[in-house]
Amino acid sequence: MHRIAVVLLLLSTLLWAETQEEAYFRAMKAEEAGDVSSAVKAFEDAVALPGPYTAELQEILKSYYDALGVKDDSASGALSFRILGDAGFYGLRYDEFGSAKNKGEYGGDMYLSLTPFMDYSSGSWIHSLGLGLTGDWFLMNDNMPALDTNDWTLALGAEYSLVGQTVLLNAGIDLNFAEGEDVSATFYGWLQKEFYRKGKDRFGAAAWAYYDSEGPMSYALFASWNRTSTYGLNGSAYLGLRFEADYVSDYKKFLADYERKLKEEAKKICSTSDTREECTVKVNNGWGEVGMPLTVAYCMQKYGDQCPIMDENAIDSLYWEDRIDELMDSIVVPVSRYYGKWIGPTLRSKISYKFRNNISVEAKLNIFYGFVIDGPDPEYEEIQKFVGNWGLMACWKPNFGTVYLGLEQIYKGYSLSNYYKKLFSKGNLLTELKAGFKWEI
């Protein structure tokens with residue numbers, strides 16, 4: 001759930017948090033104020049950042065080191081270590097609408113992420129290697145059957161980043177563990193190139209790739225804009241084309257197989273007490289068309305008046321809400337999966353404002369509109385979908401870390417063909433209320 005956010009946090013920390021010129025400006029202000037220790041720290045920060053003034057800054061630092069009697073190790077490259085952490089609680093609310101059974105669910109997620117990094121700077125390049133641990137503990141997840149959350153999930157990851165003056169590369173792998181499930185692996189990569197800079201604005205291109213061994217994959221190409229400032233307005237926007245693929249259920253084949261199996265089972269049952277002719281009459285005439293009427297008849301014959309009432313418009317009704325395990329012992333029909341593919345325009349954007357009192361506010365908007373280019377049947381290929389992710393967050397950064405509070409929503413809406421309107425909901429909305437603490441040591 002959180003992996004992409006962690007990666008983008010790393011990228012912003014390494015590349016977009018502060019430029020070499022801004023760190024140099026901060027050092028000069030500290031120098032003018034007579035704060036030598038802050039000036040030296042700011043000059044060291046500027047040297048560690050990619051930029052055109054590294055050699056000059058190293059000379060300035062050397063003069064400070066000579067005056068303070070400190071040994072200068074920068075000429076041979078700088079090696080440093082840091083730990084990024086994030087601990088928080090997410091209140092979850094899930095709503096599904098536009099179907100025969102609108103659903104509303106709620107729960108909670110306690111979240112922890114720890115990623116130690118080893119950074120090595122050489123000239124205008126920074127190499128970073130990180131080993132991360134990310135875990136979720138879900139609360140009240142009995143109230144979230146549609147979300148199908150486990151009690152806990154855990155991810156162990158390794159990632160590498162290379163940051164230059166105009167290039168950023170990030171790649172990694174995660175091993176994902178979840179209660180009662182097999183281990184799965186995810187791979188991801190991000191490449192960004194800056195082509196033009198004007199003041200605090202940078203323009204370029206980016207590429208994103210993601211693959212999950214359980215099926216989902218995504219690729220995207222973006223044109224990019226980034227604006228960075230120590231204080232005031234910051235922002236980023238990535239506009240491009242996205243391709244994604246994942247397993248989807250072949251419901252038409254499933255329903256056809258299910259009806260055929262039900263007819264076979266119904267014939268077996270009625271043949272125990274009726275003649276073949278009587279059974280044939282009941283199946284073909286008395287029970288009507290094979291499908292829902294036959295399903296209800298089979299249920300009524302087995303359970304009488306205790307047969308649960310079925311909703312013909314909802315796919316969930318095929319599983320009946322009571323005695324499902326007992327009834328389905330003799331009717332096992334696997335749900336066929338098809339590797340569906342989508343393509344469409346996408347936008348990732350974020351804007352923030354940082355005040356001088358270390359309080360900042362941030363708004364984000366990510367959207368994707370997808371068209372099916374390969375589905376299990378022609379009617380499925382008529383489906384279009386809109387995925388939106390937006391939110392607001394307020395952060396306060398005292399000396400020891402960052403405290404945050406925010407609200408985020410993930411929306412999925414579908415334009416359905418007539419056949420699938422009876423099977424799928426038109427949309428769902430996941431709302432997350434986030435509160436937590438981030439730190440870097």
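1. Asn 358 is partly exposed, with a relative accessible area of 28%, where partly exposed covers the range between buried, under 20% relative accessible area, and exposed, over 50% (1.4 Å probe, protein chains only). This residue sits in the loop between strand E10 (337-354) and strand E11 (359-374), and its phi is near 70°, a positive value in a residue other than glycine. Most residues other than glycine have a negative phi.

2. The model is a predicted one, in which local features need pLDDT of at least 70 and side-chain atom pairs count only at pLDDT 80 or more, while totals for chains, interfaces and linings use all residues. Residues are numbered from 1 along each chain as its sequence is written, and side-chain values use heavy atoms, with hydrogens and water left out.

3. Helices (H or I, at least four residues) and strands (E, at least two) are DSSP runs, numbered from the N terminus. Of the 14 residues in the largest nonpolar core, Ala 39, Val 40, Phe 43, Leu 57, Leu 61 and Tyr 64 touch the most other members; such a core is a set of buried Ala, Val, Leu, Ile, Met, Phe, Trp, Tyr and Cys residues joined through side-chain atoms within 4.5 Å. Helix H2 (20-32), helix H3 (36-48) and helix H4 (54-68) are the elements that give two or more residues to this core, and the largest share, 6 residues, comes from H3. Another core, of 13 residues, lies apart from it and has among its members Val 248, Tyr 251, Phe 368 and Tyr 420.

4. The structure holds 12 salt bridges, each a side-chain nitrogen of Lys or Arg within 4 Å of a carboxyl oxygen of Asp or Glu. One of them joins Asp 119 and Arg 82, with the closest N and O atoms 2.4 Å apart, and this pair links distant parts of the chain, since Asp 119 is in strand E2 and Arg 82 in strand E1 (residues 78-97), 37 residues apart. Asp 119 is buried, with a relative accessible area of 8%, and Arg 82 is buried with a relative accessible area of 8%.

5. Lys 341 and Asp 374 also meet through their side chains in a salt bridge (3.3 Å, N to O), with Lys 341 in strand E10 and Asp 374 in strand E11, 33 residues apart. Lys 341 is partly exposed at 24%, and Asp 374 counts as partly exposed at 21% relative accessibility. A network of salt bridges links Lys 364, Glu 408, Glu 432 and Lys 434.
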